[in-house]
Amino acid sequence: MKRLFILLLCAAALPLFAQTPVYLNPAAALEDRVEDALQRMTLEEKVAMLHAQSKFSSPGVPRLGIPENWTSDGPHGVRVEVMWDEWYGANWTNDSCIAFPALTALAASWNPEMAVLYGKSIGEEARYRNKNVLLGPGVNIYRTPLNGRNFEYMGEDPFLAAQMVVPYIQEVQKNGVAACVKHFALNNQEVDRDHINVQVSDRALHEIYLPAFKAAVQQGGAWAIMGAYNQYRNQHCCHNRYLLNDILKRDWGFDGAVISDWGGVHNTGQAIANGLDMEFGTWTNGMDWGKSDAYSHYYLAQPYLQLLKSGQADEAVLNDKVRRILRLVFRTTMAPSRPYGSFGTQEHAGAGRRIAEEGIVLLQNNRNVLPVDLSKTKNILVAGENAVKRMTVGGGSSSLKAKYEVSPLAGIRARAGNAARVTYVKGYESPAEREQDVQDAKNPQTKNIDAKALRDEAVNAAKQADVVLFIGGLNKNAGQDCEGADRAGLELPYEQDLLIAELVKANPNTAVIILSGNAVAMPWVAQAPAIVEAWYNGTEAGNALAAVLFGDVNPSGKLPFTFPVRLQDNSAHAAGEYPGDGRDVIYRDDIFAGYRWLDKEKIKPLFAFGHGLSYTTFQYGKAAADKSSIAAGETLTITLPVKNTGARAGAEVVQLYISDKKSSLPRPPKELKGFKKIRLNAGEEQTVTFTIDRTALHFYDDAKGAWTAEPGEFEAHIGSSSADIRDTVTFYLK
Ligand code: BGC
């Protein structure tokens, strides 16, 4: 009897199982799920998915159990929860994240393993917070040192940025969280960013400004991409036919969702036709105010629905957009398996610290002022506002509510312990120091700062100290390293140059530590024995810095962009067109961005792209190639021994640059096409191997609209920076 009952029950349940819709079956193929869900949706449900319902979320299909999409900035940590319609924090108590180092710092590690660690950690944080789209990473090319958002990007070289972005994306997405790569494309300045029309050659577009995005899509497999605010070919990038339909979707085969930047959509017709899939942030000025319940007025909301209903818009175009959003859902919130993530953990803080330690760059170290030897140092003076200033707050959309942030001063104090007395003087002060001011750049606090008095106090204290650690640079205030505006000049702000010049005179054991996301001028470079670029390093910033300053960690970071002596030495400024005339900006430097320009013009940089010292020394041996010429389809292998000739273990980034000796179109004197970070114990030697194929030799021929590699002579330069080539081998392409 009992058995019969169970049997009947099973039989009754059978049709239930049989009817499980394909879209709900995690074992079904992605495209089958997408098609099944799509054909169940009403027109209204489809259109609803295309636009925001709150500041950071968009609707799902409640009737079908399809969840909402929740985005979050990005790219250095998972942003605070905000009010439904506002940018303001909602004062939750469970949203304090780990702040990871800025992407410039990650790029400066020149170590894709650090990008793995970064992506994994931030992906876990986003997943735990139930975000299925992380608004990052950013890979806009560093074109001018004035760009307020360079700290969110990966430097001036397309190859380096491409190598670093791929693992970041892959690891984020293993958490069932989409990486939304931004800002596609040509958003290389903040001045006039919402309308400036970039005029750039096809060649520079493909060779300089697109490769990192292309790698993000094709190698990283990014599930989402964010359009940029600016215009290109007189069309806003969030609905730019050429960029989105032709290049991204057609040529690169991108099957994910194109998400607008917040407030980056301006036109329904273009948004429909030109490849935009999801609209966010409209009816705001993009940064600090929003209109309640504006969502149904979005360009892709009611206006689109009306057009569809009246037959003026084609449902097939709508379906393509919805398919892309459904893919996003089935890859993330409705993925077959998805880990739970973790948030604010010690493990993540440790990951951030490791990345920071690998990214810090020792720019100069005369007389071995660094590392600080605590057995010989009794009095340490720490000077400079950046030793105590919070850097995880401010800077625009990447601002974070960090669980904690170890300041440089705290890190130095903790590391010095009882071995030395650490005193602190401010030395200089920025006018907008309070957090509220940082967030509301329109209302910077005006206070009376007596720069001379602050400076005198610091210089007097420096005279008493055994070692001076000056910690300055830029900050996240408006007009510094901050979204929405560019810097006014290359110089350090707040009279720091005067202070540094006096400090190094007062005490010969002075190390100058710059925190920034951009190159700065250093008129005191010849007098400062030690200089460190320590970026914005997030939660564990102070501990990472102290580990390098005291020699627990041997620095191994290399610059991901050039430090020019003068602003005019930078390509965007040399030709004089930055920031454009308010309508257009012409990239007259063409393919010669970054070190390519300095090489071509034979300009000596202050510190070159790829430069970075160690507490040990590395000797490069002779480079050798496995053949003297290669044919199409073949690869070339170049080897070179590198030896640690110093007394301690360290890591070196060995760089490969390629020169095309003769070509039908002008080419940069050399271009980065490979790098390897190797770790060597004292006295140890290792052979570094680079294998290249035609893609390391090719250029974009805009007349043909295709990549081409021309037969002839090439050179492979191997060096320790773009300005420090140690050996060269010649080879031929058949
Ligand atoms: C920024 C984006 C950011 C978005 C959401 C925009 O102003 O340009 O990078 O993801 O805001 O905060």
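**Figure 1. Bridge between Val-181 and Ile-225 in the predicted model.** Val-181 has Ile-225 of strand 6 as its bridge partner. Strand 4 (residues 178–184) and strand 6 (residues 224–227) are paired in the parallel sense through three bridges; strands (E, at least two residues) and helices (H or I, at least four) are DSSP runs numbered from the N terminus, and pairing requires at least two DSSP bridges between two strands. The model is predicted, with local features needing pLDDT of at least 70 and side-chain atom pairs counted only at pLDDT 80 or more, whereas totals for chains, interfaces and linings use all residues. Residues are numbered from 1 along each chain as its sequence is written, and side-chain values use heavy atoms, leaving out hydrogens and water.

Figure 2. Six strands form an open sheet of mixed pairing in the order 1-2-3-4-6-9. Strand 1 (57–58) and strand 9 (257–259) are at the edges with a single partner strand each, so one side of each has no neighbour in the sheet. Helix 12 lies across strand 2 (69–73), strand 3 (133–135), strand 4 and strand 9, and runs at about 80° to strand 2 (axes are lines fitted to C-alpha atoms, for helices over the stretch in contact; angles run from 0 to 180 degrees between N-to-C directions).

**Figure 3. Packing of helix 2.** Arg-33, Val-34, Asp-36, Ala-37 and Leu-38 are buried in helix 2 (residues 30–40), where buried means under 20% relative accessible area (1.4 Å probe, protein chains only). The buried residues of this helix pack against helix 3 (43–48) and helix 12 (315–331), contact being heavy atoms within 4.5 Å.

How values were computed. Buried < 20%, exposed > 50% of the residue type's maximum accessible area, 1.4 Å probe, protein only.
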